Amino acid sequence: MGRTGNSIVKTDVAELIMVLNAALSEEWLSGYQYWVGARVAKGAMRNIAESELKKHAAEEFSHAEKLADRIIQLGGIPVLNPQEWFKHSSCKYYPPENPCIKEILKQNLLSETCAIKRYQQIADMTYGKDHVTFRMAEQILEDELEHEDDIEAWLEDMKTPVCK
């Protein structure tokens, strides 16, 4: 980022880059969790949920791209090695060892809860101090809240008996 861009950021840039790298790592893990879950899922509503899980995966990977770009703009280096994702991430990766779509959705809901907390942290950290990062966090937070709503709705639908 240029001198003027750096001069208007009113927060500890090294700390911000560290938090953004944590979010980047979490997005890659979450995106893969959605992606692989969509492919191995079994059970009722699998066909409906599969396309949405793939869409969520693509959105998580898009978030990762935005985070990497912002880290570079701030003069940092995105996490370079996938093995480091687990070290940086506060969110857990849940492998879909039980392919039941209901279990996969519950795991993804846990990941979304963690992501919501992460983007609220970034928004709080940058509010009034780094408008660009704040807007990015706000936009990603909106996506994560939508993902949470989608998953909760699917889980609720699974409780509803089939109408006759």
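Helices α2 and α6 run roughly parallel to each other, because their angle falls under 35 degrees. The angle is about 30°, and the axes lie 14 Å apart. Helix α2 covers residues 13-40, and helix α6 covers residues 131-159. Axes here are lines fitted to C-alpha atoms, for helices over the stretch in contact, and angles run from 0 to 180 degrees between N-to-C directions. The crossing of α2 and α6 is left-handed, a term for a near helix turned anticlockwise from the far one by less than a right angle.

The model is a predicted one, in which local features need pLDDT of at least 70, side-chain atom pairs count only at pLDDT 80 or more, and totals for chains, interfaces and linings use all residues. Residues are numbered from 1 along each chain as its sequence is written, and side-chain values use heavy atoms, with hydrogens and water left out.

The protein chain has 6 helices and 0 strands. Its pattern along the sequence is α-α-α-α-α-α. Helices (H or I, at least four residues) and strands (E, at least two) are DSSP runs, numbered from the N terminus. The C-alpha trace spans about 65 × 30 × 20 Å along its principal axes.

On the α2 side, Leu16, Leu20, Glu27 and Tyr34 make the contact with α6. Their partners in α6 are Thr133, Met136, Ile140, Glu144, His147 and Ile151. Contact means heavy atoms within 4.5 Å. By class, this contact of α2 with α6 has 6 nonpolar, 2 polar and 2 charged residues. Ala, Val, Leu, Ile, Met, Phe, Trp, Tyr, Cys and Pro count as nonpolar, Asp, Glu, Lys and Arg as charged, and the others, Gly among them, as polar.

Helix α6 also packs with helix α5 (residues 101-126). The angle is about 155°, with the axes 8 Å apart. The two helices are therefore roughly antiparallel, a label for angles over 145 degrees. The crossing of α5 and α6 is left-handed. The residues of this contact divide into 17 nonpolar, 6 polar and 6 charged.

An unreviewed UniProt entry annotates Glu27, His63, Glu112, Glu144 and His147 as "binding site". Such annotations may be inferred rather than shown by experiment. The annotated residues are spread over 121 residues of sequence but cluster in space, with a largest C-alpha distance of 13.1 Å. Among them, Glu27 belongs to the lining of the largest cavity. A cavity is a set of points on a 1 Å grid where a 1.4 Å probe fits but cannot get out, and lining residues have an atom within 4 Å of a point. Glu144 lies in helix α6.

How values were computed: Angles under 35 degrees count as roughly parallel, over 145 as roughly antiparallel, 65 to 115 as roughly perpendicular and the rest as oblique. On a 1 Å grid over the protein atoms alone, a cavity is a set of points where a 1.4 Å probe fits but cannot get out, and a pocket is an open set with protein on both sides within 12 Å along at least five of seven lines; lining residues have an atom within 4 Å of a point.
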